[in-house]
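This briefing covers helix packing in one structure. Please keep the sequence and the 3D view open while reading.

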Amino acid sequence: MPAGLDHERLDVYRVSRELSREVARIARQVRRKRPDLAGQLQRATSSVALNIAEACGEPTFRRRAYFLRVARASATEAASALDHMVDIGLLDEVDIRTSKALIVRIVSMLVRMLGR
């Protein structure tokens, strides 16, 4: 089915949805031991997709750029939350490999979008 809204046409938005699904899997793993960290990770990940979509609804570059910067910051926050979960023994590096790769892709795309 073809995408109908502007944000649905963006690769970065589609990758952010992949990240959301991957993070949901990870959150289920850690929720029992650290619900606070699972929630923080999910909020940061949600913020990525939501701010990309919000940027697409803004009429000026300055406003779009603001929301894209927030999405980028949320992506790096999610990466840090994953690293922290490894550092405290909740997860192993292998558990976060896919999520971290998706985050790198997202941040790279957002940086390119902001550079235009």
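Which residues of helix 1 are buried? They are V12, Y13, V15, S16, L19, E22, V23, I26, A27 and V30. The model is predicted. In this model, the buried residues of helix 1 pack against helix 2 (35-56), helix 3 (61-87) and helix 4.

**Helix 1 itself**
- Helix 1 has 20 residues, which at 1.5 Å a residue should span 28 Å. Its end C-alpha atoms are 29 Å apart, which agrees with that expectation.
- S16 is one of the residues in helix 1, and its relative accessibility of 1% falls under the 20% cut-off, so S16 counts as buried.
- Leaving aside residues up to four places away in sequence, S16 touches V48, A49, I52 and I106.

**Helix 1 against helix 2**
- The axes of these two helices come within 9 Å and cross at roughly 170°. Helix 1 is therefore roughly antiparallel to helix 2.
- On the helix 1 side, the contact is formed by V12, Y13, S16, L19, S20, V23, A24, I26, A27 and V30. They meet P35, A38, L41, Q42, T45, V48, A49, I52 and A53 in helix 2.
- By class, the residues of this contact divide into 15 nonpolar, 4 polar and no charged.

**T45 in helix 2**
- T45 is part of helix 2; T45 has 2% relative accessibility and therefore counts as buried.
- With residues up to four places away in sequence left out, T45 touches L19, S20, V23 and A78.
- T45 and A75 are 30 residues apart along the chain, and their C-alpha atoms are separated by 6.5 Å.

**Helix 1 against helix 4**
- Helix 1 (residues 11-30) packs on helix 4 (residues 93-115) at an angle of about 155°, and the axes are 9 Å apart. Because angles over 145 degrees count as roughly antiparallel, helix 1 and helix 4 are roughly antiparallel to each other.
- The two helices make a left-handed crossing.
- Helix 1 contributes D11, V12, V15, S16, E18, L19, E22, V23, R25, I26 and Q29 to the contact. From helix 4 come D95, I96, T98, S99, L102, I103, R105, I106, M109, L110 and M113.
- The contact of helix 1 with helix 4 has 12 nonpolar, 4 polar and 6 charged residues.

How values were computed
Residues are numbered from 1 along each chain as its sequence is written. This is a predicted model: local features need pLDDT of at least 70, side-chain atom pairs count only at pLDDT 80 or more; totals for chains, interfaces and linings use all residues. Side-chain values use heavy atoms; hydrogens and water are left out. Axes are lines fitted to C-alpha atoms, for helices over the stretch in contact, and angles run from 0 to 180 degrees between N-to-C directions. Helices (H or I, at least four residues) and strands (E, at least two) are DSSP runs, numbered from the N terminus. Angles under 35 degrees count as roughly parallel, over 145 as roughly antiparallel, 65 to 115 as roughly perpendicular and the rest as oblique. A crossing is left-handed if the near helix is turned anticlockwise from the far one by less than a right angle, and right-handed if clockwise. Contact means heavy atoms within 4.5 Å. Ala, Val, Leu, Ile, Met, Phe, Trp, Tyr, Cys and Pro count as nonpolar, Asp, Glu, Lys and Arg as charged, and the others, Gly among them, as polar. The expected span of a helix is 1.5 Å times one less than its number of residues. Buried means under 20% relative accessible area, exposed over 50%, partly exposed in between (1.4 Å probe, protein chains only).
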